Amino acid sequence: VCLYQPGPIATEALAGIARAHNIARIKAEVLGTNAPMLAVFQRSGLPMTRRNEGGVVHIVLDLAPASP
């Protein structure tokens, strides 16, 4: 998987690898002007929190499995 060409497949692969290593969250910092990358995270379908600070968007993707 090429993470330099982000998209749903790369995001899903990264989430799967992280879960396999008991990682509960993925944190990312994206320039606020990088709309394509922000859209990749938004389309991931994962619970996401985001915070804007000085032109940088801080993103946290929650990888914990959904509660039944």
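Me: Leaving aside its neighbours within four places in sequence, which residues is Arg51 in contact with?

Reply: Arg51 is in contact with Val56, Val57 and His58, once neighbours within four places in sequence are set aside. Contact here means heavy atoms within 4.5 Å. Please note that this is a predicted model, in which local features need pLDDT of at least 70 and side-chain atom pairs count only at pLDDT 80 or more, while totals for chains, interfaces and linings use all residues. Residues are numbered from 1 along each chain as its sequence is written, and side-chain values use heavy atoms, with hydrogens and water left out.

Me: Where is the place of Arg51?

Reply: Arg51 belongs to strand β2. Strands (E, at least two residues) and helices (H or I, at least four) are DSSP runs, numbered from the N terminus.

Me: And what is its bridge partner in β3?

Reply: The bridge partner of Arg51 in β3 is His58. Strand β2 covers residues 48-53 and pairs with β3 in the antiparallel sense over six bridges. Two strands are said to pair if DSSP finds at least two bridges between them.

Me: Which side chain does Arg51 meet in a salt bridge?

Reply: The side chain of Arg51 meets that of Glu53, at 2.2 Å from N to O. A salt bridge is a side-chain nitrogen of Lys or Arg within 4 Å of a carboxyl oxygen of Asp or Glu. By this rule the count comes to one.

Me: What is the relative accessible area of each of the two?

Reply: Arg51 has a relative accessible area of 45% and is partly exposed. Glu53 is also partly exposed, at 46%. Buried means under 20% relative accessible area, exposed means over 50%, and partly exposed lies in between (1.4 Å probe, protein chains only).

Me: How many residues apart in sequence are Arg51 and Glu29?

Reply: They are 22 residues apart in sequence, and their C-alpha atoms are 9.6 Å apart in space.

Me: Let us step back. How many helices and strands are there in the protein?

Reply: The protein has two helices and three strands. From the N terminus on, the elements run α-β-α-β-β.

Me: What order do the strands have in the sheet?

Reply: The order is β1-β3-β2, in an open sheet with antiparallel pairing. Strands β1 and β2 stand at the edges with a single partner strand each, so one side of each has no neighbour in the sheet. The twist from one strand to the next averages 15°. Angles run from 0 to 180 degrees between N-to-C directions, and axes are lines fitted to C-alpha atoms, for helices over the stretch in contact.

Me: Over how many bridges do β1 and β3 pair?

Reply: Strand β1 (residues 25-31) and strand β3 (residues 56-62) pair over seven bridges, in the antiparallel sense. Ile26 has Leu61 as its bridge partner, Lys27 stands opposite Val60, and Arg25 stands opposite Asp62.

Me: Which residues of the largest nonpolar core touch the most other members?

Reply: They are Val30, Phe41, Ile59, Leu61 and Leu63, in a core of 14 residues. Helix α1 (8-20), β1, helix α2 (35-43) and β3 each give two or more residues to this core. The most come from α2, which gives four. A nonpolar core is a set of buried Ala, Val, Leu, Ile, Met, Phe, Trp, Tyr and Cys residues joined through side-chain atoms within 4.5 Å.

Me: Leaving aside its neighbours within four places in sequence, what is Phe41 in contact with?

Reply: With those neighbours left aside, Phe41 is in contact with Ala28, Val30, Met48, Ile59 and Leu61.

Me: One last topic: where is Asn22 found, and is it buried or exposed?

Reply: Asn22 lies in the loop between α1 and β1. Its relative accessibility is 73%, so Asn22 counts as exposed. Asn22 also has a positive phi of about 60°, although it is not a glycine.
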